[in-house]
Amino acid sequence: MERPSTDVCTTSGSRPVPASNPPRHHRPRGPAAVALRRTLDRAPWACGQPARRPRAGLQSERTSGAVEQDRLDAVLARIARIPFRARFHLRPPEREYVAVRGMDAVRRHARELIDTRLGPAHPAKDGRQTPWGGHPVFRGQHATATCCRTCLQINHGIPKGHPLSERQRAYVVDLLCRWIENECRAP
Ligand SMILES: [Zn+2]
């Protein structure tokens, strides 16, 4: 018996319809289409569409709301356009670390690492203080350009030479955790 592949959805008939290319008549345009589209988004062919934001799982309870996450994702998208930054991804041991320890622990570590290595006005060995990996937070710091005070200033507009404020620390930690969560969700 033939089984449909996971990325192809079947309509009520037998003809498979690629999820990424639904029939044109399923995607009406115009203001009246919004409610219909909501219904269609739950239709069988939609199961392979990019998922709406997951409500549970890796997402830490302590992250802020959807608007805040959209803002973080916009920053991450901007940084990811820098070829050097885009090269960094979590490697299997670092993914494993997140899976075993959980995001709440990773977020705690992120806060501790940012407080000690990035938070002071003049961090020790600034520019060389962040290992290339070994902890998902270190990996994330290179991917998100939060590895040293110079990168933080150039890429995030946070000036050097003063201790990071509580708000700035929280921003860096939120950004790192968002990147790590996104990495863990990626196939
Ligand atoms: Zn740096």
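Entry 1, ground rules. I am working with a predicted model, in which local features need pLDDT of at least 70 and side-chain atom pairs count only at pLDDT 80 or more, while totals for chains, interfaces and linings use all residues. I number residues from 1 along each chain as its sequence is written.

I looked up pLDDT (the predictor's confidence in each residue, from 0 to 100) and found a mean of 77 for the protein, with 65% of its residues at 70 or more. pLDDT stays under 50 over residues 1-28 and again over residues 33-61.

I took a nonpolar core as a set of buried Ala, Val, Leu, Ile, Met, Phe, Trp, Tyr and Cys residues joined through C-beta atoms within 7 Å, where buried means 20 or more other C-beta atoms within 10 Å, exposed means 12 or fewer, and partly exposed lies in between, with C-beta atoms placed from the backbone. The largest such core has 21 residues, of which A110, V172, L176 and C177 touch the most other members. Two or more residues each come from α5 (103-117), α6 (136-143) and α8 (166-185), helices being DSSP runs of H or I, at least four residues, numbered from the N terminus; α8 gives the most, with eight residues. A second, separate core of six residues includes I79, A145, C147 and C148.

I found V75 in helix α2 (residues 66-80), and I class V75 as partly exposed because 18 other C-beta atoms lie within 10 Å. V75 and N155 are 80 residues apart in sequence, yet 9.5 Å apart in space, C-alpha to C-alpha.

Methods. Contact = placed C-beta atoms within 7 Å.
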